Each structure stands twice: as C-alpha cells, then as structure tokens.
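Please keep the sequence and the model at hand while reading.

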Amino acid sequence: MILAATNIQLLTPQHWSDYELIDCGDFEKLERFGDLILIRPEPQAVWPKALSEAEWNKRYHIKFKGRSATSGEWLKKNPKVQDRWHIEYKNSDVAIKFRLGLTSFKHVGIFPEQAVNWDYISESVRSFKTEKPKVLNLFAYTGGASLIAKAAGADTTHVDSIKQVVTWANENMEISNLDNIRWVVEDALKFVKRELKRGNTYNGIILDPPAYGHGPKGEKWKLEDHIMEMMTEVVQLLDPKEHFLILNTYSLGFSSVIVENLIKTAFPKVENLEIGELFLQATAGPKLPLGVFGKFRKIAK
C-alpha cells in the first residue's frame with residue numbers, strides 16, 4: 001500500500017553573493033565568506049572531493065585544524081589576514097550584515113544554509129496584516145533570523161542561553177543599522193513557559209535547537225528528550241489569527257518525517273505545512289546536507 005505523503009522539499013540559498021560553498025568532501029568543506037576562503041571540518045561530507053587537493057591548497061586563505069571534537073586552531077597562509085570581517089545578506093525584502101570571526105570551535109558566527117529560512121521569515125512578516133508583528137527567535141545564536149525579522153518590520157525578541165553570542169548578535173544588529181531587538185539570556189524552554197504564564201503571544205516563532213546544549217544555570221538540553229515538550233508549549237504562544245513557525249534541526253538522527261510528526265502532534269490544526277531538508281550547493285558539484293526543517297504559516301484574510 002502506498003500512502004499519500006507531504007512533499008519533502010530540498011532547499012538551498014538563492015540570493016547570497018557574499019557566500020559560496022566551493023567544494024566539499026573527505027570530511028571537509030571549502031567555502032568563501034566575502035573575500036576570504038576557508039577550509040573547515042564537515043562530518044557530513046563522506047564522499048571524495050570534486051576538486052584536487054592542489055586546487056584546495058591553492059585557493060584557501062585560512063584552514064581549521066581540529067585538536068579535539070570541540071576545539072582546534074586556525075592556520076593562516078598569510079598572518080596578516082584579519083580574524084574578524086563583515087559580510088552582507090540581502091534578498092528582495094531586506095539587507096543585513098554580519099561580523100564573522102574565527103572561534104576556537106570551527107564556527108565563524110553564521111550558518112549559511114539558514115538563509116532559506118530567513119527568506120521565509122521576511123516574506124511572512126511582510127505578508128501579515130498585523131501592523132507590528134511580534135517574532136520570537138529561540139536558540140537564536142548570533143541573530144540572523146532576529147535581524148531579518150526586525151529588518152522586515154517585526155517587534156523581535158531574541159533568546160539564547162550564552163551571553164557571548166547574544167553580545168555578538170547585538171553587534172550584528174548595530175552594523176546592520178537596526179535597533180530595539182529585545183535580548184534575553186535564558187534557557188529557551190524556561191522562557192517559553194514563563195511567556196505562557198504571562199499570556200503573551202507571537203506572530204512568528206523560530207526554533208533552531210542544538211542536538212545538545214546547556215542553559216545559563218546549567219540546564220541540560222538534549223534534542224530528542226526535550227523537543228516534544230518544547231513544541232507542545234511553544235505552539236500555544238502562536239497568535240491564532242496570523243502566524244508562522246519554523247523548526248530547524250541539525251542532528252544526524254533526525255529526518256524531515258520526524259519533524260512533520262512533531263509539528264502535527266503538537267499543533268493538529270496546522271495549515272500550509274512544509275517539510276524538507278536544507279543543503280548547500282557546491283560550485284564544484286556536490287550537495288551538502290545541513291539539517292531538516294518544518295515550517296507553516298497562516299495569514300489573515
């Protein structure tokens with residue numbers, strides 16, 4: 001028996017001149033952020049590189065060399081290359097800027113595949129009849145989704161448990177010429193429960209939870225243990241007349257069908273549900289999978 005299923009989408013960013021995945025393979029990726037080309041580890045890239053090792057070595061400016069699963073060092077061809085630099089993202093609705101930096105755990109302050117979700121956010125906020133839509137960004141990191149929501153005209157609240165990345169997000173807000181994002185350093189689930197008690201609602205909610213994490217007071221987060229509780233609580237914060245929600249997960253054990261089940265269980269009256277996988281298209285050919293998503297929206301008539 002063949003059952004009718006929700007179409008599973010494969011989506012990759014379309015509008016980003018300041019970012020390019022050049023190649024990926026042999027557990028590494030070669031990518032350009034603005035004018036700088038980096039080599040970073042990539043556990044999903046289990047296939048061989050499309051370009052030669054010589055080509056990779058010719059192109060890169062900075063390479064990350066891991067010392068352990070959680071730390072390492074950056075090796076520069078030219079010691080004068082800066083540790084921090086700016087890039088821009090713009091679509092047909094908005095433009096924002098990011099300050100990137102070389103961290104000790106291979107990240108640079110941005111997840112490029114999320115641009116797909118940013119487009120959905122700006123499009124949703126601009127489509128709403130609500131004059132000043134309220135948007136809540138949970139597990140918000142350096143604030144890409146927060147900046148997009150604010151730039152599109154939303155009253156935006158940004159929640160993350162790590163003070164340093166909230167400070168980084170604030171810097172991104174300033175260089176994007178935005179203001180008045182509400183910053184909250186707190187455990188996301190605790191914040192959601194408190195907002196429910198206050199009777200607050202939001203027109204848009206974004207969740208991009210890690211597989212593992214800790215709150216500011218040592219609260220433990222494990223995706224498969226806590227995501228159902230989070231979803232059950234968070235859908236109660238949605239404005240019933242007009243809303244959107246994005247759930248994005250980067251976990252090797254999660255599929256888009258799991259995300260579909262989570263959303264439909266937590267929110268049986270969901271409308272316009274879309275599920276699928278985010279990937280980055282390498283210029284050299286391969287597709288790099290980088291997480292699964294579920295999203296839906298309701299726009300007032």
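The model is predicted. One of its sheets is open and has eight strands, in the order β1-β16-β17-β15-β12-β9-β10-β11, with mixed pairing. At its edges are β1 (8-11) and β11 (182-185), each of which pairs on one side only. Neighbouring strands of this sheet are turned against each other by 20 degrees on average, direction ignored.

**Strand β15**

How many of the seven residues of strand β15 are buried? Seven of the seven residues (243-249) are buried, so β15 is largely enclosed by the rest of the structure. Buried here means under 20% relative accessible area. H243, L245, L247 and T249 point one way from the strand, while F244, I246 and N248 point the other way, and all are buried.

In the sheet order, β15 stands between β17 and β12. With β17 (residues 287-298) the pairing is antiparallel and runs over seven bridges, and K298 of β17 is the bridge partner of H243. With β12 (residues 204-207) the pairing is parallel, over four bridges; here G204 stands opposite F244 of β15.

Strand β9 (residues 134-138) runs parallel to β12 and is joined to β12 by four bridges. Within this pair, L136 has I205 of β12 as its bridge partner. Helix α3 (residues 144-151) lies across β9, β10 (155-160) and β12, and runs at about 170 degrees to β10.

**The five-strand sheet**

Another open sheet has five strands in the order β2-β3-β4-β5-β6, again with mixed pairing. Its edge strands are β2 (19-25) and β6 (72-76), each pairing on one side only. Here neighbouring strands are turned by 20 degrees against each other on average, direction ignored. β2 pairs with β3 (residues 28-33) in the antiparallel sense over six bridges, and K29 in β3 is the bridge partner of C24.

| Strand pair | Sense | Bridges |
|---|---|---|
| β15 and β17 | antiparallel | seven bridges |
| β12 and β15 | parallel | four bridges |
| β9 and β12 | parallel | four bridges |
| β2 and β3 | antiparallel | six bridges |

**Domain record**

An unreviewed UniProt entry lists residues 61-216 as "domain: S-adenosylmethionine-dependent methyltransferase". In the model, the end C-alpha atoms of residues 61-216 lie 35 Å apart, and the span is 29% helix and 29% strand.

Key: Residues are numbered from 1 along each chain as its sequence is written. This is a predicted model: local features need pLDDT of at least 70, side-chain atom pairs count only at pLDDT 80 or more; totals for chains, interfaces and linings use all residues. Side-chain values use heavy atoms; hydrogens and water are left out. Buried means under 20% relative accessible area, exposed over 50%, partly exposed in between (1.4 Å probe, protein chains only). Helices (H or I, at least four residues) and strands (E, at least two) are DSSP runs, numbered from the N terminus. Two strands pair if DSSP finds at least two bridges between them. UniProt positions are given in the numbering used here, feature names are shortened, and annotations may be inferred rather than shown by experiment. Axes are lines fitted to C-alpha atoms, for helices over the stretch in contact, and angles run from 0 to 180 degrees between N-to-C directions. Contact means heavy atoms within 4.5 Å.
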